[in-house]
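The entries follow in the order in which I looked things up.

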Amino acid sequence: MYTDNSLKILESLKKNDHRIEIINQKNQGVSIARNNGIKKATADYIVLVDADDFLDTTMIEKLYKKITSTKSDIAFCDYFLYQKRAQVGNNLRREYLRYPSFSWANFRNENYPIIINMSTVVPWGKIMHKKLLLENNIFFPEGLLFEDNYVGIMSFLNAKKMTVVNEPLYYYRIDNPNSLSGKSGKYRDTLDLIKISTMLIEATTKKFSKNTFINRILLNWIISNNLSWFLLSKRKKEYYDAFHQFLYATTEDKRFSSFKSDPRIIRLLSCRSAASLYCIACFRRIQRYYRSKKRAILVFLKQISIKK
């Protein structure tokens, strides 16, 4: 059930534009709403927007022109992190996409440094070809948090070609306490990311089982994302147990067994407690902000002493 005037606004717009189709249903969560929208869409392209965000008025036009002219499966755009209460001129923080138009063949042949970052794992800030989702059976997992990560990663890995509009055209709100992402307690009190990680491994096994390049990208993202959320988790002991079990089972699988010799995997598997995993995850986060490893170690030791 809607709590604002959004339905009335949509009904008013529909009177002047016959292309608008309104789906009014009982609140069953964001995944069911998005899945129903994807299934009932009659156009060739899909654009998803979080309820509390907003778009530049030219975003869809520019993304549509880009995706059709380049014959891509996905077109991304740059975005702003938006804070309503900040002063004008200081309320936008720029985030940058890393690559121009690209395909997986280019990544392999030109050895690009791949990073699955926020711009690729979220469903907003992009336009996707509907057949990419339908032909690969990519839908939002129901009843789980981090559901957008599943669709973002699956569409990213299955896309044959992607392209970028290097303009900030999407406004991602970061100061709404009533949004799902704003209710950090739900994310800090769940192990759903482990479930999503398992689903990603299972969903990509058939198509990518022999693709070492994509397997490494996927495993790297899973590890990095889980370590980040482990630091925020209120259930560190349970998270450690679940993540350690997941990582052990994954690297025992023939598909990922070659990564067992990776130093980072060895360190993670050798952890025997949530405390040791916390130290690794904490140092990793600090090291990202300091080019000097020595400096990172000093900051890390300072953090540990403060914790004590």
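I took contact to mean heavy atoms within 4.5 Å. Helices (H or I, at least four residues) and strands (E, at least two) are DSSP runs, numbered from the N terminus. The model is predicted, local features need pLDDT of at least 70, side-chain atom pairs count only at pLDDT 80 or more, and totals for chains, interfaces and linings use all residues. Residues are numbered from 1 along each chain as its sequence is written, and side-chain values use heavy atoms, with hydrogens and water left out.

Entry 1, overview. I found 14 helices and seven strands in the protein chain. Of its 308 residues, 44% count as buried (under 20% relative accessible area; exposed is over 50%, partly exposed in between; 1.4 Å probe, protein chains only).

I noted that the axes of H10 and helix H11 (residues 236–252) come within 10 Å and cross at roughly 170°. Axes are lines fitted to C-alpha atoms, for helices over the stretch in contact, and angles run from 0 to 180 degrees between N-to-C directions. H10 is therefore roughly antiparallel to H11 (angles over 145 degrees; under 35 is roughly parallel, 65 to 115 roughly perpendicular, the rest oblique). On the H10 side I listed residues including Leu219, Ile223, Leu227 and Phe230, and on the H11 side Tyr240, Phe243 and Leu247 among them. The residues of this contact divide into 13 nonpolar, two polar and one charged (nonpolar: Ala, Val, Leu, Ile, Met, Phe, Trp, Tyr, Cys and Pro; charged: Asp, Glu, Lys and Arg; polar: the others, Gly among them).

Which residues have the most contacts inside the largest nonpolar core? I found Leu200, Ile223, Phe230, Phe243 and Leu277, in a core of 72 residues. Helix H10 (residues 212–232) gives the most to this core, with nine residues. Such a core is a set of buried Ala, Val, Leu, Ile, Met, Phe, Trp, Tyr and Cys residues joined through side-chain atoms within 4.5 Å. Beyond its neighbours within four places in sequence, Leu277 is in contact with Leu227, Phe230, Tyr240, Phe243, Leu268 and Cys271.

I read an angle of about 160° between helix H7 (residues 147–158) and H10, with their axes 12 Å apart. H7 and H10 are therefore roughly antiparallel. Asn149, Ile153 and Leu157 in H7 meet Ile214, Leu218, Trp221 and Asn225 in H10.

Is Asn225 buried or exposed? Asn225 is buried, with a relative accessible area of 15%. Leaving out residues up to four places away in sequence, Asn225 touches Asn149 and Leu193.
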